[in-house]
Amino acid sequence: MLLSYSILLFLLSITLKVNCDQGEFTGKRWVVLCSGGRSWVNYAFHANVYHAYHMFRGNGIPDENIIIMHYDDIANNSVNPTPSKVYNDYNKTDVYYGVPKHYTGDDVNPTNFLGVLKGDETLARSGKPVVNSGPDDHIFVYFADHGSPDMIHFPFEFLWGEELNVALQEMHLNKRYSKLVFYLDTCESGSMFYKLLPNNIDVYAVSATSPEQLGTLFSYYWMKNTELNDFGNEITLQQQFEYIYSSANKSNPDIIDETQQAQQYGDLSIAKLPISQFFGKSPKSIRNDILLDNTLNDRVNTRDVPLYMAKIAVDEALNTNEKNRNNPTPGKVFNEVNGSDVYHGVPKHYTGDDVNPTNFLGVLKGDQTLARSGKPVVNSGPDDHIFVFFTDHGSPGSMFNKMLPDNIDAYPKNKHLPTPSQPPQVDSLGVLHCHLYNAFAFINIIITKSDGFYLGMTTVGGTQYPLIANQRTTAP
């Protein structure tokens, strides 16, 4: 009899837990959507966020519970072939229509983003919407833009992983939510949570990639999976993660010559919950008004989007005049206001596909094969000086640090000195250790108080610390 009673209690406890985890959610749902980018080349990030807004509205999330941040320079951009419209699918459904302008332009910044999440009263008093949530509510956050190790990009600033995770812990301490889910779609997005997000503050985060990978595919797959979900037999967050992971975890040499793995961080038990507890419920199992195409076409590395968009514009042009339509001064290039044409007379030594690393190094080394083909190379000798200037985008890592010997008569100089940025740790003496951001590349630099110089004071979590910096590079 006692054994039977114990078994009954055990089964009852399981039933109660299942009902608690999978039962009908009765709190409020809050959604924060943010596109951190600006300019025409970041069209995709805006389009994804606009698409998500309509998806959540279609799922029954009240408009007052959705807060959206977007620079808002895409729909009415001078190069937009469909003025006042933004598309995110091949059916060309306008996803810009009806999107609120809660935070646009310079208001899209890290301070306001964290303020929105934390329910900042100053923002609220100024008439700006914030998450006015309580201990029974669920919050979903979606951010899309560029990212780098331990940071995500806003139009003119960066948000560091340490800052984000401190804010999430403050929200938990202040009972601002019951559960919070964060979907982050940027390159190196895993670095914003890896070894930073605690697993005991009721936050579940999904990043598009691991801390070291580029991102491209995440938003497509999570929105597609959500819109195809049958809410009569709905999936859990874990099932959605597995779908995203398996779909994106494939080699895409036309995008990035490596696989891309979404990652999970924080309280993974939250992933057992149905997606409706955060996304709402669609009245239809498939929303046909803004449904993503079942196949991915014209895929491209996120960091190559500007080049790709320019190529499409040229390929689709009907004639030479149309090919020049984006240049208000055809045949001319200017480098300063009221300046002269700097394109006139520029030789075409290496153009098009000839601009590649092999030829670049061959030019420097005086490659004889290039010379015999009629291409100019550096034909220098032991008494000559050589100056090299290279400009373009860079990626994580240093081109010279711990690589260039100091005894080969070479002197490199970056665009400018690194500038102080985010604070990972405060040491036992109250000195802030921080990373530096270099405009040419992202270099991991640990700041120590030895051999450093004083940069002033900085505030973290309401406390001021002295900021000490040098340029000694160590393993992060």
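How many bridges join strand 1 (residues 29–35) to strand 2, and in which sense do the two run? The model is predicted; local features need pLDDT of at least 70, side-chain atom pairs count only at pLDDT 80 or more, and totals for chains, interfaces and linings use all residues. Residues are numbered from 1 along each chain as its sequence is written, and side-chain values use heavy atoms, with hydrogens and water left out.

Strand 1 and strand 2 run parallel and are joined by 4 bridges. Two strands count as paired if DSSP finds at least two bridges between them. Within this pair, Cys-34 stands opposite Met-69 of strand 2. Both strands belong to an open sheet of 6 strands, in the order 2-1-3-7-8-9, with mixed pairing. Strand 2 (66–69) and strand 9 (263–266) stand at the edges; each has a single partner strand, so one side of each lacks a neighbour in the sheet. From one strand to the next, the twist averages 15 degrees. Angles run from 0 to 180 degrees between N-to-C directions, with axes fitted to C-alpha atoms.

The protein chain contains 12 helices and 15 strands. These are DSSP runs numbered from the N terminus (helices: H or I, at least four residues; strands: E, at least two). Of its 476 residues, 43% are buried. Buried means under 20% relative accessible area, exposed over 50%, and partly exposed in between (1.4 Å probe, protein chains only).

Strand 8 is mostly covered, with 5 of its 5 residues buried. In a regular strand, side chains alternate between the two faces of the sheet. Val-203, Ala-205 and Ser-207 lie on one side of strand 8, Tyr-204 and Val-206 on the other. Strand 8 pairs with strand 7 in the parallel sense over 5 bridges. Its pairing with strand 9 is antiparallel, over 4 bridges. Tyr-204 stands opposite Val-181 and also opposite Gly-266 in strand 9.

Helix 7 (residues 237–248) has 12 residues and reaches 16 Å from its first C-alpha to its last, close to the expected 16 Å. The expected span is 1.5 Å times one less than the number of residues. Its buried residues are Leu-237, Gln-240, Phe-241, Ile-244, Ser-247 and Ala-248. They cover an arc of only 140 degrees around the axis, which puts them on the same side of helix 7. The arc is taken from the directions from the helix axis to the C-beta atoms. Their cover includes strand 7 (179–185), strand 8 (203–207), helix 6 (218–227), strand 9 and helix 8 (276–279). Contact means heavy atoms within 4.5 Å.
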